[in-house]
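Open your viewer and get ready to select.

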Amino acid sequence: MSESKKMASGMTPTNRAILIAAALLLVAAIGYAIWRDSADSAPQKSVEATAPPGDQLAALEARTRAEPGSAEAWMQLGAARFDMGEYAGAVAAYEKATALSSDSAGLWSALGEARVMASERDPMPAAALAAFNKAIALDAKDPRARYFLAVKKDVGGDHKGAIEDWFALLADTPQGAPWEADLRRTIGQVGAIHKIDVAMRLQNTQARPLTANEMPVAARAIPGPTRADMEAASQLPKGQQDAMIEGMVSGLEAKLKANPKDVDRWIMLMRSRMTLGESAKAAQALKDGVAANPAAAGRLKAQAQLLGVPGA
């Protein structure tokens, strides 16, 4: 797509980079984790997390050959391919999954996102839009579909409309959900690009309380302290708060030493270090995470850029 066409459509190169980076964060938090949770009731055939990415992918492909009628098997393959940046392959896998489970909003929105990422020219291809609309028809609250339908407004030039839709999504976001901070950051960045004042509104907009049923999903999506941990920490003197937080981060690092292939934990470590003002340590976490997970380098760097990690 020419630069003039990009500008005419409302999608500048900078804006597209921000939205894709935000989308990568959202798919990690909303999509992959929710789908792992949604399959909890089915017999699981997990792939060893410490296996090389190629071996993990081969195992998932073998499972789809052994169970071609399993929507969950195709979903896991699609998620793995997406995570490795193989977006066309992710599209193919998600298309198989939606054919087998056509009433699943989450699968349709995952397919839509994969189609967006697989598109080299069109920031919102018609096939992706159709998948998002299908997801919304099945579940009007599907967060990923709502996010990307707002993206469509933004790339079409309706920046205020997109921000309004993102604020509506934020209002429906469970308090403490792992994508809440990233959604807020997206609103702030798009507002800054288009000179739309959102600062006070972001400050005054609260996510809704997390329900008991949602707590496990949020806790498993990107590892970190639970809401109970944070509430307990808030009651401590500052010195003890600092010690508790450092203990959580140290525990996170210990888990990464035991399993450096856990990409989500590298993301949480970068976020934690930036929150603590330890940008050099965040940069080192990015470097170590990429070294341990070269196949996920694009995802790690995109998320690090959104977090403001130096050198990302």
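This is a predicted model: local features need pLDDT of at least 70, side-chain atom pairs count only at pLDDT 80 or more; totals for chains, interfaces and linings use all residues.

Begin with the surface view.

Now switch to the cartoon view. The protein has 17 helices and 0 strands. Show the contacts next. Take those between residues at least 6 apart in sequence: 58% of them join residues at least 24 apart.

**First loop**

Select 180–193, which is helix 10, and 199–204, which is helix 11. K195 sits in the loop between these two helices. Is K195 buried or exposed? K195 counts as exposed because its relative accessibility is 75%, and the cut-off for exposed is over 50%.

Stay on K195 and look at its backbone. What is its phi? The phi of K195 is near 55 degrees, which is positive, and K195 is not a glycine. For background, most residues other than glycine have a negative phi.

Move on to helix 16, residues 279–292, and helix 17, residues 297–307. Select P294 in the loop between them. The relative accessible area of P294 is 56%, so P294 is exposed: the cut-off is over 50%.

How far apart are P294 and M84 in sequence and in space? In sequence, 210 residues separate P294 from M84. In space, they are 9.1 Å apart, C-alpha to C-alpha. Draw that distance in your viewer to finish the tour.

Key:
Residues are numbered from 1 along each chain as its sequence is written. Side-chain values use heavy atoms; hydrogens and water are left out. Helices (H or I, at least four residues) and strands (E, at least two) are DSSP runs, numbered from the N terminus. Buried means under 20% relative accessible area, exposed over 50%, partly exposed in between (1.4 Å probe, protein chains only). Contact means heavy atoms within 4.5 Å.
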